[in-house]
Protein chains: 2
Amino acid sequence: MSERGPRERMVFSAAQLIRRDGVASTGMREVAAHAEAPRGSLQHYFPGGKEQLVNEAVGWAGRYAGNRVARFLAALPEPTPGGLFAEMVRQWTDEYERVGFGGGCPVAAATVDCAESTASTREAAAAAFAAWTGPVARALADMGVPEERTADLATLMISTLEGALLIARAEQDVRALTTAARELAPLLDAAARTR
Amino acid sequence: MSERGPRERMVFSAAQLIRRDGVASTGMREVAAHAEAPRGSLQHYFPGGKEQLVNEAVGWAGRYAGNRVARFLAALPEPTPGGLFAEMVRQWTDEYERVGFGGGCPVAAATVDCAESTASTREAAAAAFAAWTGPVARALADMGVPEERTADLATLMISTLEGALLIARAEQDVRALTTAARELAPLLDAAARTR
DNA sequence: CGGCTACTATGACCGCTGTCATAGCGAATG
DNA sequence: CATTCGCTATGACAGCGGTCATAGTAGCCG
């Protein structure tokens with residue numbers, strides 16, 4: 001992981017802590033400490049306060065997820081919608097089996113904690129989902145899914161993944177994730193064959 | 001809604017506030033006020049503190065969701081898996097269109113906020129998901145879904161619903177929910193015809 | 001050198017949180 | 001009546017939260 005400036009490190013750390021403990025339980029001082037950044041830099045880089053930091057963390061997470069899609073496609077010998085979804089799921093099962101169920105999706109955490117209280121964060125979360133859905137939908141189109149269904153199927157994939165993530169974390173068991181991948185794959189692949 | 005005792009009202013209010021603002025942002029005093037219950041009753045009925053109250057709220061939500069399944073089935077002229085799922089989704093779209101996107105699923109909120117920090121709450125969330133998945137799976141069995149697939153499909157349904165809920169709330173648009181219902185129905189109904 | 005800009009350092013403030021301690025009420029019970 | 005028990009009432013406490021104010025440093029520019 002490259003050695004970025006303190007500002008980026010704080011955003012990254014914020015995302016990491018938020019996905020662990022939620023937005024409300026994550027303190028600013030904690031973020032600075034985790035990023036090994038000086039506390040005084042907080043008000044310098046984020047004059048908008050916690051709200052700004054959280055929003056940037058959410059945005060970062062959305063962009064990160066969107067960028068991963070290309071990598072998943074590259075990793076597949078022959079790209080199929082079901083294969084892409086399996087790869088998206090596998091990223092999480094891998095993490096959970098490797099380091100435990102400590103973290104969920106930071107965008108989900110922000111939505112749960114701030115959707116009603118903080119309008120800007122809710123919008124940041126919506127934007128993050130969009131930044132994630134977009135590349136997935138484009139990938140589906142490249143695999144032969146009819147244009148009018150790509151957006152809907154991408155939303156379905158991410159919905160299912162997010163929900164399975166929640167259940168897996170509650171149960172501390174990847175079962176829900178693997179089930180989602182297995183059950184959804186046929187539906188996704190069928191949509192690609194209708195061209 | 002029936003006029004219960006103060007204890008039940010507090011549990012109910014806790015669930016309601018949690019699904020709005022998350023666990024961490026929901027104060028005990030706030031719960032008592034919302035339930036119009038005396039503050040002194042908190043430590044009387046919930047000697048285990050906030051943790052106990054939250055866990056009971058989560059348990060209540062799980063039982064509530066499980067009980068709704070029977071009602072949904074009764075409301076369907078001819079029960080089908082896709083129809084059941086549509087009904088589950090409709091409960092949420094109805095609420096969102098009627099009173100706005102103020103609340104999500106309290107179990108999801110508890111999972112996001114407490115999965116890592118509070119073991120007992122994580123277990124309560126897992127139990128709540130189980131109390132929800134169980135009736136759904138049984139309903140699927142009654143509709144002719146092979147026994148070995150009922151649990152998996154029930155998990156898939158709830159995963160997708162939970163995820164779509166998150167996205168809908170972030171976007172303040174029921175689109176993700178209606179999409180989930182529309183796209184998943186064929187897959188679910190196909191499973192019922194394989195007996 | 002003087003000054004300006006970017007960044008860091010700290011301490012204080014105020015509000016809120018969960019929890020505890022203590023005392024009070026009111027009715028049923030013996 | 002006296003006791004007990006279920007429930008309520010309040011105030012205090014200790015801790016932590018985000019934020020602000022203020023001052024300091026380091027380095028570049030002119």
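User: Which phosphate oxygen contact does a polar side-chain atom of B:His44 make, and how far apart are the atoms?
Analyst: The phosphate oxygen belongs to DNA strand D, and the polar side-chain atom of B:His44 lies 3.0 Å from it; a polar contact here is a pair of N or O atoms within 3.5 Å, where within protein one must be able to donate a hydrogen and the other to accept it, and residues adjacent in sequence count only if both atoms are side-chain atoms. Please keep in mind that this is a predicted model, in which local features need pLDDT of at least 70 and side-chain atom pairs count only at pLDDT 80 or more, while totals for chains, interfaces and linings use all residues. Residues are numbered from 1 along each chain as its sequence is written, chains are lettered from A and ligands numbered from 1 in the order in which they are written, and side-chain values use heavy atoms, with hydrogens and water left out.

User: Which residues come nearest to DNA strand D?
Analyst: Among the 15 residues around DNA strand D, the nearest are A:Met28, A:Arg29, A:Gln43, B:Pro38 and B:Ser41, where a residue is near a molecule or strand if one of its heavy atoms lies within 4 Å of it. By class, this surface has 3 nonpolar, 7 polar and 5 charged residues, with Ala, Val, Leu, Ile, Met, Phe, Trp, Tyr, Cys and Pro counted as nonpolar, Asp, Glu, Lys and Arg as charged, and the others, Gly among them, as polar.

User: And which helix gives the most to that surface near DNA strand D?
Analyst: Helix 3 of chain B does, with 4 residues; helices (H or I, at least four residues) and strands (E, at least two) are DSSP runs, numbered from the N terminus. At least two residues each come from helix 3 (40-45) of chain B and from helix 2 (28-34) and helix 4 (49-75) of chain A.

User: What about base nitrogen contacts on DNA strand C?
Analyst: The side chain of A:Arg39 has an N or O atom 3.0 Å from a base nitrogen of DNA strand C, and a polar side-chain atom of B:Arg29 lies 2.6 Å from a base nitrogen of DNA strand C. On the phosphate side, a polar backbone atom of B:Thr26 is 3.3 Å from a phosphate oxygen of DNA strand C.

User: Switching topic, at what angle do helix 8 of chain A and helix 8 of chain B pack?
Analyst: They pack at an angle of about 105°, with their axes 6 Å apart; axes are lines fitted to C-alpha atoms, for helices over the stretch in contact, and angles run from 0 to 180 degrees between N-to-C directions. Helix 8 of chain A and helix 8 of chain B are therefore roughly perpendicular to each other, given that angles under 35 degrees count as roughly parallel, over 145 as roughly antiparallel, 65 to 115 as roughly perpendicular and the rest as oblique. The residues of this contact, meaning heavy atoms within 4.5 Å, divide into 10 nonpolar, 8 polar and 2 charged.

User: And how are helix 4 and helix 7 of chain A placed?
Analyst: Their axes are 9 Å apart at an angle of about 5°, so helix 4 of chain A and helix 7 of chain A are roughly parallel to each other. By class, the contact has 13 nonpolar, 5 polar and 2 charged residues.
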